[in-house]
Amino acid sequence: MSLINGDYRIHSCYNKTGERKHVLNLDKGKITNGTRIYTTEPNGTCEQIWFYSKNRLYTEAQDSIYREKKCLDRLDTSANYADIFDNNDAVNQLLTIEPVSEKQNIYRIKLINKKLYLTTSTITGIGSCTWQPLDKNSEKQKWVFERVIRVTEMPKISAYAKEIEYFSGCTKWKDGSFDKQERDVKELVRKLYQAVSNKNSKDGFLIDRYCLYNLPGSLAYKKGDLSGYYHYGIEILFSGSVYPYKDGTFFGERAADGAVGIKHSFPQGDYVFWYLHMTNRLIAEKDKPISRCTCIGEVDSQRTAGKYLHIEVQPLDEAFPRSPIDNSVYINEDNKGYFGAFDLLDFIA
């Protein structure tokens, strides 16, 4: 089975046990022909996303301005450095992606005409990348291709200055335009917003600006301890009282997150909606019935970006909302990325 065309984060298999897998990376600064490629920790930026097409790996750096223009290349010197260059040098750019373990999506990246393999140099920190002869036993030449979904024409709000967002490959997002997804994301979010805020506004600008950023499964974290992780839930920017999405029962609370968990019943079964970043939270006995007209808290300003409510879905065996760093984030055996929580939009009707 050959690798399909699409966008990927490419993780080195040469890592210390238990550490985050380093990824192929370009600096955010000015990119010119000959800019070197290296590996470093994931940071959630487009400089770590690569578009595989027609046997080349193109950079998504600087908001896709080089897509299908500049690609992974061999600097034609004895040092065999891996760099970025205009797609005009087939000898040093055309690739074969050789499977090592298709179940885990582990591959080697081979220059077809040179019979050299992309190789990282270090297990920690920043590692330079070069092209070297095959070493079948070396983890330095093995790479995990994590599928990333690229959605264009995102809502015209500040969070999407270039109107592009990347999502985990195991969500229901599809490559292509936001407005041509298989589900009406705006309508689902509008219903959620109206329920939890107890507001009936259908103002499209309001929904776009306050509800259509950091959507479920987005590669939302670009800095801090969570950089490079997918977003577990959805964020709704408003201030005031918070109400459950629907009738349910009290499940739990967590002061550190300003969180209240309400168990709801869905066609898929019973799940917990966790509502985070609140003050004046409702505290009740477990399994106490909670109607959708019950105020469960007030939106707090714990986050510097403003007052917002974070909502995520978790199964009943999770006692608290989870931070992405609680789990192995990137790779599962189907290699569709990792999405720690259920996709909240699947539960909105």
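Residues are numbered from 1 along each chain as its sequence is written, and side-chain values rest on heavy atoms, with hydrogens and water left out. As the model is predicted, local features require pLDDT of at least 70 and side-chain atom pairs count only at pLDDT 80 or more, whereas totals for chains, interfaces and linings use all residues.

The whole structure was searched for disulfides, and zero were found; a disulfide is a pair of cysteine sulfur atoms within 2.5 Å. Solvent exposure was described by relative accessible area, with buried meaning under 20%, exposed over 50% and partly exposed in between (1.4 Å probe, protein chains only). Cysteine 129 counts as buried because its relative accessibility is 0%. Cysteine 295, at 31%, is partly exposed.

Helices (H or I, at least four residues) and strands (E, at least two) are DSSP runs, numbered from the N terminus. Strand β1 spans residues 6-12, and seven of its seven residues are buried. Two strands are taken to pair if DSSP finds at least two bridges between them. β1 pairs with strand β4 (residues 50-53) in the antiparallel sense, over three bridges; here aspartate 7 has phenylalanine 51 of β4 as its bridge partner. β1 also runs antiparallel to strand β12 (residues 143-152), to which six bridges join it. In this second pairing, arginine 9 is bridged to glutamate 146 of β12.

Glutamine 181 lies in the loop between β14 (176-177) and α2 (185-197). Its relative accessible area is 10%, so glutamine 181 is buried. A polar atom of the glutamine 181 side chain lies 3.0 Å from the backbone oxygen of serine 177. With residues up to four places away in sequence not counted, glutamine 181 touches Val151, Lys172, Trp173, Lys174 and Gly176, where contact means heavy atoms within 4.5 Å.

A nonpolar core is a set of buried Ala, Val, Leu, Ile, Met, Phe, Trp, Tyr and Cys residues joined through side-chain atoms within 4.5 Å. The largest such core comprises 40 residues, and those with the most contacts inside it are Leu192, Leu215, Phe273, Tyr275, Leu309, Ile311 and Leu344. Two or more residues of this core come from each of β12, α2, β15 (234-237), β18 (259-266), β19 (269-276) and β23 (308-314). The most are given by α2, with seven residues. Another core, of 26 residues, lies apart from it and includes Ile31, Tyr52, Leu111 and Phe145.

Conventions
A polar contact is a pair of N or O atoms within 3.5 Å; within protein, one must be able to donate a hydrogen and the other to accept it, and residues adjacent in sequence count only if both atoms are side-chain atoms.
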